[in-house]
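Let us walk through this chain one region at a time. Keep the sequence and the 3D view side by side.

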Amino acid sequence: MSVADLLAVLFPQFAPLHVDLIRATGPSVRVQAHGRAPGAECPGCGSWSERVHSGYERRISDTAVSGQELVLHLRVAGSSATAATAGGGPSPSRSPV
């Protein structure tokens, strides 16, 4: 069973994510991941867009894994529909989790 298969069984809500790296650093376990989808739904107009204008990292922390801090570094792409369809500027894509 691959790591991806194991993650799909244990954490099905993470299926939309691609895990890039899992490492233990001192008292914490760090998971770096990004979304699998090539685009996202524009929160302004609801249309699908693969246009990426920027990106940022979200960090989510918890202490539920064997008494060690778990930190999820999730790379999120900011995408937007065209101004003609959305009627506005760029918006961050919705997190896949």
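**A walk through the chain**

Val19 has Ala33, in E2, standing opposite. This is a predicted model, in which local features need pLDDT of at least 70, side-chain atom pairs count only at pLDDT 80 or more, and totals for chains, interfaces and linings use all residues. Residues are numbered from 1 along each chain as its sequence is written, and side-chain values use heavy atoms, with hydrogens and water left out.

Strand E1 covers residues 17-25 and strand E2 covers residues 28-35. The two pair in the antiparallel sense over eight bridges. Strands pair here if DSSP finds at least two bridges between them. Helices (H or I, at least four residues) and strands (E, at least two) are DSSP runs, numbered from the N terminus. Arg23 has Arg30 as its bridge partner in E2. Two residues lie between the strands of this hairpin, and Gly26 takes a positive phi near 60° there.

Now step back to the whole chain. How many helices and strands does the chain have? There are two helices and seven strands. From the N terminus on, the order is α-β-β-β-β-β-β-α-β. The chain has 97 residues, and 21% of them count as buried. Buried means under 20% relative accessible area, exposed means over 50%, and partly exposed lies in between (1.4 Å probe, protein chains only). The accessible surface comes to about 6,300 Å², with 57% of it belonging to carbon and sulfur atoms. Accessible areas come from the Shrake-Rupley method with a 1.4 Å probe; for residues, only the protein chains shown count as cover. Take the contacts between residues at least 6 apart in sequence: 43% join residues at least 24 apart. Contact means heavy atoms within 4.5 Å.

Next, find His73 in strand E6 (residues 68-79). Is His73 buried or exposed? It counts as buried because its relative accessible area is 10%, against a limit of under 20%. The side chains of His73 and Arg30 are joined by a polar contact of 3.0 Å. Such a contact is a pair of N or O atoms within 3.5 Å; within protein, one must be able to donate a hydrogen and the other to accept it, and residues adjacent in sequence count only if both atoms are side-chain atoms. Leaving aside neighbours within four places in sequence, His73 also contacts Val31, Gln32, Ala33, Glu57, Arg58 and Arg59.

Gln32 is in strand E2. At 27% relative accessibility, Gln32 is partly exposed. Beyond four places in sequence, Gln32 touches His18, Val19, Asp20, Leu21, Arg23 and His73. Gln32 and Arg59 are 27 residues apart in sequence, and their C-alpha atoms are 9.4 Å apart.

Move to Thr63, in strand E5 (residues 52-65). Thr63 is exposed, at 59% relative accessibility. Ser28 is 35 residues from Thr63 along the chain, with 8.7 Å between the C-alpha atoms.

Finish at helix H1 (residues 3-10), which holds Leu10. Leu10 is exposed, with a relative accessible area of 52%. Met1, Leu6, Val9, Leu10 and Phe11 form a nonpolar surface patch, with about 550 Å² of accessible area together.

Key: Patches are made of residues with over 30% relative accessible area and no salt bridge: like charges are joined within 9 Å, nonpolar side chains (Val, Leu, Ile, Met, Phe, Trp, Tyr) within 5 Å. A salt bridge is a side-chain nitrogen of Lys or Arg within 4 Å of a carboxyl oxygen of Asp or Glu.
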